Amino acid sequence: MAETVHPAEQAAHGEHHEEGWVKKYLFSTDHKIIAMQYLFTGMAMGLIGAFFAYVFRMQLAFPGMEVPFFGVVSANEYNSLITNHGAIMIFWVAMPVLIAAFGNFLIPLMIGADDMVFPRINRLSYQIFFISALVLLASFFVEGGGFGGAWTAYPPLSANAAYSLTPMGATLWLVAVALEFVAFLLGGINFVTTLMNSRTKGMGIYDIPMVLWMIIIASILFMASVGPLIAGAVMLFMDQQVGTHFYDPTRGGDPLLWQHLFWFFGHPEVYVVLLPAMGIVADIMPVFARKKLFAYRTILWTAIGTGVLSFTVWAHHQFIAGIDPRMAHVFTITTLLISIPIAEMCFVYIATLYGGSIRLNTPMLWALAFVAEFLIGGVTGIFLGASGADIYFHDTYFVLAHFHYTFFPIAIIGTYAGVTFWFPKMFGRMMNDTLGKIHFWGTIIPFNLIFIPLFVLGAAGQHRRIYDFTNYPMLAEPWMQDLRVLATVSLVVMLAFQLVFFYNVIVSLVRGEKAGKNPWKSNTLEWTTESPPPHGNFGDQYPTVYRPPYEYSHPDREEDYWPQNLPN
Amino acid sequence: MAQRDLRLVHDAASEPGPILPSSVLGTLIFVLTEIMLFAGLISAFMIVRGGTVEWPPPGQPRLPVEATALNTAALLASGLLIWMAGRAYRGDRAQAGGPFAAGLALGAFFVVFQGFEWARLLAQGLTLTSSTHGSFFYLIVGTHALHAIVALGILVWAFQLHSRRELRPSTFTAARTFWYFVVGVWPVLYLRVYL
């Protein structure tokens, strides 16, 4: 890295500041603005996804009632709501927030660069993502309503309009997902190239903060797994619109083919969103335990190993789809194997905490909750990974509760951990810690009260994707309905507590205490520049890196932290 | 795509520069995704084909194996010529123009020849919806043709830059890398789909 920025470039940065509001905030190539665009779009989509969950949970707890703010839920609407709840939360919330927002914001700042390597591709990435969100939202208003064939879109339900009853919605949904993939492909190319080629002077590969490694590994996993799904999506699109029969068994096609192509992507996708959340937690814990991250290289290689292994587990989604039992054994073994590296990472995090000087600020609470809640998700996954047990549990609420215990810690807890931690850097002001803790407990307690009852219901045989349980006498017992009401009421309480968060954000933006450069006394490079960082990030001098990122409470030093850019 | 890729390179005196220029690295990562896309298409084709008794399905025309072998040779020769252009570019840049233009011409020949083959097959009754045979043929070969056209467009753009003496080595390498992918994936498709 050149020590100083060329005068011509400084002039270029200056010019950007004089640009109008639209150019600066809507068509910017600045990685921080693009990160904010992804963050706010992702959170807005999250509100829509949460509203959908509220509507269909109300229908399940109080069948046939007129849901406030929605009305009576028809069976078709119910299908559309659950389908798009899943799709939105994964493709339009977890991915844009965890990978795109944090990746865009943190990668250049943490490696001491002024921007991404391809800023215009970066802008294009967000623009395509935004269009994909618009296409998805448009699909709710076409004839027949939004797609209702579940977020996994299995044919023949998804391929044939006569079955799904959503001729337009199904295709628009598919187009929206495909556009979203293109956006993340462009983003991923940028992330990996920037991390490889733009690191500042002195930053070796083991000096890179863990969250960046995790985002990069996730991006590579995404790019390596998405190809087959794009192939499958093109085939599904042609089945829907052109009249081909790729998935039609009566005309020489194979419906199971889609399941393989989908889950070949779909299971690595779990780790695509998990790893960035793991990385956020890995970066928060040392700061609030004032202790070096335990086993940096072990975490890194474990994450890479997890990524490789994640390509070999996909058929555990298909144990009852008629695959050969010998094949099911193979996938049972790989699935149980992949729990080892993830458990190892959880132990490493606990080892980081051990003997530390722990501060329970809001970001740390979220980070601790991530490990605790994700453990429940991981442990219940063992039952589902074993093909014998899965035959009973398949497509029940046990599965549903299991993956919410993984995805909620990832997408919601991980996001709140990251936002509360980097908020001072993003906006230059501190968030209110008391409000943050109220929001934390108001989210975590109801979350468990939603999904523990659903584990019980699932173990009792409650099937997923049923619109009205009163039609099934063995599932309509009073105690079961009571648990459904408990889950729904808890959801409403949890959603209500999210208002505390939004209130906290707005109040902190206006009146929050000035954060200064480094409010958490953290080591990584983003904390060495102004809050919020100026255009170009580091002014006229790029930082130089002298040591790894987690040197806390070093015995040779008076202060308990040792920023990466200090010579000694 | 590569407007800034040399600016953030480390100070050459104190640290080695990046192993690959950003434009080349970005292209390689994109090619990784593309390889997986074709792997997905081919494996889908193999699964459906493996489930049939007779392939191609009865009543469907056979694919032009020999003519396409010739066309495959043309595409491979195009890849070789572009490779020679890249080698020449490192030495005397003026000498790169000849093999570059010849490689472009052969690449264009490949696409046009494929077009004629498609027209003949359509006339013989092999269409996108006539059978899974037709569906997969047009899907896989069409996806490749689309890539070939885009890659040729990039090479034509690079050629224009070259004739104006504005082509940077890293841009040329990135453009060639994508063409090598288009050339390299074709024999696999030929072996799987035609034979």
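Select chain B: five helices and zero strands. Both kinds of element are DSSP runs numbered from the N terminus, helices being H or I with at least four residues and strands E with at least two. Read chain B from the N terminus and the elements run α-α-α-α-α.

This is a predicted model, in which local features need pLDDT of at least 70, side-chain atom pairs count only at pLDDT 80 or more, and totals for chains, interfaces and linings use all residues. Residues are numbered from 1 along each chain as its sequence is written, while chains are lettered from A and ligands numbered from 1 in the order in which they are written.

**Stay on chain B**

Show the C-alpha trace. Along its principal axes it spans about 65 × 30 × 20 Å. Of the 195 residues of chain B, 37% count as buried (20 or more other C-beta atoms within 10 Å of a residue's own, with C-beta atoms placed from the backbone). Now think about contacts: two residues are in contact if their C-beta atoms, placed from the backbone, lie within 7 Å. Among contacts in chain B with a separation of 6 or more, 75% join residues 24 or more positions apart.

**Where B touches A**

Next, show both chains. Here 34 residues of chain B are in contact with 35 residues of chain A. Select helix H1 (22–50) and helix H4 (132–163) of chain B: each supplies at least two residues of the side that touches chain A. H1(B) gives the largest share, 16 residues. By class, this side of chain B has 17 nonpolar, 12 polar and five charged residues. Ala, Val, Leu, Ile, Met, Phe, Trp, Tyr, Cys and Pro count as nonpolar, Asp, Glu, Lys and Arg as charged, and the others, Gly among them, as polar.

**Two helices in chain A**

Select H4 (residues 75–111) and H8 (residues 210–241) of chain A. They pack at an angle of about 130°, with their axes 10 Å apart. Axes are lines fitted to C-alpha atoms, for helices over the stretch in contact, and angles run from 0 to 180 degrees between N-to-C directions.

Show side chains. From H4(A), A:Phe102 and A:Leu106 are among the residues at the contact; from H8(A), A:Ile215 and A:Ala218 are among them. The contact residues divide into nine nonpolar, two polar and no charged.

**Last stop: confidence**

Color chain A by pLDDT, the predictor's confidence in each residue, from 0 to 100. Chain A averages 93, and 97% of the residues score at least 70. Then select residues 1–16 of chain A, where pLDDT stays under 50. Where pLDDT is low, the predicted coordinates should not be read in detail.

Note on methods. Buried ≥ 20, exposed ≤ 12 C-beta atoms within 10 Å, placed from the backbone.
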